[in-house]
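Here is my note for a first reading of the model. Please keep the sequence and the structure open side by side. The points follow the chain region by region.

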Amino acid sequence: MTYALLIGQRSYSSWSLRGWLPFDAFDIPYTLHRTEIYGPNFAAEVEEFAGGRTVPAAIAPDGSALTDSLSIAWHLAEAFPDKGLLPKAGPSRAMAQCLIAEMHSGFSALRNACPMNLQTGWDGFVPSTEVNKDLADLDQIWSRALAVSGGPFLLGAYTLADVFYAPVAARIAGYGLPISPLAKTYVSAQLAHPSMRRWRAMALAENRLVTVYDQPLKRRPYPAPKTRAAKATNAGPSVNNSCPYSGLPVTDFLVMDANTYGFCNTFCRDKTLADPEAWPRFMALIN
Ligand SMILES: N[C@@H](CCC(=O)N[C@@H](CS)C(=O)NCC(=O)O)C(=O)O
């Protein structure tokens, strides 16, 4: 038995991102279940899954229901003490816990004004006084942590503290919010983290767009790290006969650097297309 994890649409569900990142970043096996925030069956599906009201939700191998991103993180840190989810002990562990707690309970003006949307960036967003106050607070606590750790992540290596700030970093990038040069460096490190790149690649590959988060602003490309060029193609033959992810026979194809590569379904092809270098098992075909 592994964990079961329920998430919403990857482009918009910032809390789902926080629930999923610990599994991917710390290599914890799980099976994924998906629902649609704002869909007609959302409440019933979430309730049926683990008895909660929101996503993410998880069920532990012993059947424990984890109905909040903080409870998922906390459970995983206790269940996998050697995987580096939190510093082992002492002041840096306490700092990680403070950072997580501050994010979980704060920054509501910024969160409300700037919904996460990994499909697009926005031009011309004018932060309110309250949003500017949240940004100044973020800048202060990030700068303090980074000064102690030396970066690139809040405690040096990537931990649950960074997991919790990933969605707010994604918002700062998407809305071009004003922050200090040091905080900008941290936002770039967040966007470049392999798990964040995989999440966004899957967000682009899943065709589950909603308009509720649209802003009355001009769109601009989302400022993600540059990706390697690849394009979809209808047919093989491909360099590989079996899918790099499942090992099943290939049915969907892309071309990169004049070579054709195959996958066992359209989603796996499209997530690879969105950011080929984010996927070690695909890159192993090339290297
Ligand atoms: N405290 C929860 C909040 C989760 C949350 O609000 N998730 C949103 C999706 S991003 C949700 O499920 N919204 C639906 C609702 O509130 O009915 C956590 O950290 O897991």
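1. Ala, Val, Leu, Ile, Met, Phe, Trp, Tyr, Cys and Pro count as nonpolar; Asp, Glu, Lys and Arg count as charged; the others, Gly among them, count as polar.

2. Some ground rules. This is a predicted model, in which local features need pLDDT of at least 70, side-chain atom pairs count only at pLDDT 80 or more, and totals for chains, interfaces and linings use all residues. Residue numbers start from 1 along each chain as its sequence is written.

3. The ligand shell. The ligand is surrounded by 13 residues, where a residue is near a molecule or strand if its C-beta atom, placed from the backbone, lies within 6 Å of it. The closest are S13, W15, T54, D68 and S69. Helix 1 (14–25) and helix 3 (69–79) are the elements that give two or more residues to this shell. Helices (H or I, at least four residues) and strands (E, at least two) are DSSP runs, numbered from the N terminus. Helix 1 provides the largest share of the shell, three residues.

4. Domains. The assignment, which is automatic or from a database, gives domain 1 (3–79), domain 2 (90–198) and domain 3 (231–286). The centres of domain 1 and domain 2, taken over C-alpha atoms, are separated by 21 Å. Their contact takes 13 residues from domain 1 and 15 residues from domain 2. Here two residues are in contact if their C-beta atoms, placed from the backbone, lie within 7 Å.

5. Which elements of domain 1 give two or more residues to the side that touches domain 2? They are helix 1 and helix 3. Helix 1 gives the largest share of that side, seven residues. The side of domain 1 that touches domain 2 is made of eight nonpolar, two polar and three charged residues.

6. Strand 1 (residues 3–7) runs parallel to strand 2 (residues 30–34), over five bridges. In this pair, I7 stands opposite R34. From strand 1 the chain passes through helix 1 to strand 2, a right-handed β-α-β crossover. Right-handed is the case if, with the strands pointing away from the viewer, the path from the first strand over the helix to the second runs clockwise.

7. Strand 3 (residues 57–59) and strand 4 run antiparallel and are joined by two bridges. A58 faces L66 across this pair. Axes are lines fitted to C-alpha atoms, for helices over the stretch in contact, and angles run from 0 to 180 degrees between N-to-C directions.

8. Three strands form an open sheet in the order 7-8-9, with antiparallel pairing. Strand 7 (231–233) and strand 9 (259–263) are its edges. Strand 7 joins strand 8 (residues 252–256) over three bridges, with T233 partnered by F253 and K231 opposite V255. Strand 8 and strand 9 pair over five bridges. Helix 10 (residues 266–274) lies across strand 7, strand 8 and strand 9, at about 15 degrees to strand 8.

9. Backbone points to check. Most residues other than glycine have a negative phi, and most peptide bonds are trans. The V55 to P56 bond is cis, with omega near 5 degrees; P56 sits in the loop between helix 2 and strand 3. G151 and P152 are also joined by a cis bond, with omega about 0 degrees. Y38 has a positive phi, near 70 degrees, and is found in the loop between strand 2 and helix 2.

Methods. Two strands pair if DSSP finds at least two bridges between them.
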